[in-house]
Amino acid sequence: MPPKPDILAAFEAAKGFMPVDEGLALHAAAREAGRLGLPLLEVGTYCGRSTILLADAARESGTVAVTVDHHRGSEEQQPGWEYHDPSVVDETPGVGRMDTLPTFRRTLYRAGLEEHVVAVVGRSPQVAKVWGTPVGLVFIDGGHTDEHATADYEGWAPHLAPEGLLVIHDVFPDPADGGQAPYRVYRRALASGAFTEVSVTRSLRVLRRTGLGI
Ligand code: SAH
Ligand code: MG
């Protein structure tokens, strides 16, 4: 079942980087993973656009979506770069850094999903290191350098429960379409033998954890 019209409308109204078709695939994966009854984990909250979909699936299964971000933006979102949005800069004198946390909170409030989300403000590898419970889904959509994407995979994949889903966004086999780091992580996950591919929706890949040895 796709999201109800109010959730879809909140998703479409939210600022962010998740197209509708890929969002629907993410939502379907989250609903399926939700049946495991474990938290659904996202790396890369930004302004909460994809979080809405995980939260809606979490609500349905009586679990929770956990979303991790330092809220200071990725490299390509900094001032002067391609994906910069001046409306998410903290203009407080002496700060002047990106801060997507206030916008994220408004997004979730408007969607009526606050109580189904635990937001963690911090760096993904540091959060992964102190994390201590299995999760039903890991959605990797954080930093797109090799350093960040690899750290997200190495930090979070071990927390994925057996039969849990690993979802990776911005997977571009052709370098002409985008950066290669998420694609390399996707190849690595498949090569590990611990994952089986479930679906491909443009740049969104869904893998199931069917083995050990991540
Ligand atoms: N899922 C979002 C888009 C995420 S954009 C959507 O649907 O619109 C990527 C986000 O990852 C940015 O907000 C950035 O701050 C965050 N990020 C990048 N590297 C990170 C890291 N190492 N730890 C935590 N967050 C990180
Ligand atoms: Mg993305």
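This tour visits the two ligand sites of a predicted model.

Begin by selecting ligand 1, which sits in the largest pocket. Next, display the shell of 22 residues around ligand 1; those that come nearest are Phe 17, Gly 44, Ser 50, Asp 69 and Asp 141. Colouring this shell by residue class separates three nonpolar, 13 polar and six charged residues.

Now turn to the nitrogen atoms of ligand 1 and show the protein backbone. At Gly 44, a polar backbone atom is 2.8 Å from a nitrogen atom of the ligand. At Gly 143, the corresponding distance from a polar backbone atom to a ligand nitrogen is 3.3 Å. Select His 70 as well: a backbone N or O atom of this residue lies 3.5 Å from a nitrogen atom of ligand 1.

Finally, trace the chain through two loops: Asp 141 lies between β4 (135-140) and α6 (146-156), and His 169 between β5 (160-168) and α7 (181-191), so the pair ties together parts 28 residues apart in sequence.

Note on methods. Residues numbered from 1 in each chain as written. Chains lettered and ligands numbered in written order. Predicted model: local features only at pLDDT ≥ 70, side-chain atom pairs only at ≥ 80, totals over all residues. Heavy atoms only, no water. Near = heavy atom within 4 Å. Polar contact = N/O pair within 3.5 Å; in protein donor to acceptor, adjacent residues only side chain to side chain. 1 Å grid on protein atoms, 1.4 Å probe; cavity = no way out; pocket = protein on both sides within 12 Å on 5 of 7 lines; lining within 4 Å. Sits in = over half its atoms within 2 Å of the grid points. Nonpolar A, V, L, I, M, F, W, Y, C, P; charged D, E, K, R; others polar. Helix = DSSP H or I, 4+ residues; strand = E, 2+ residues; numbered from the N terminus.
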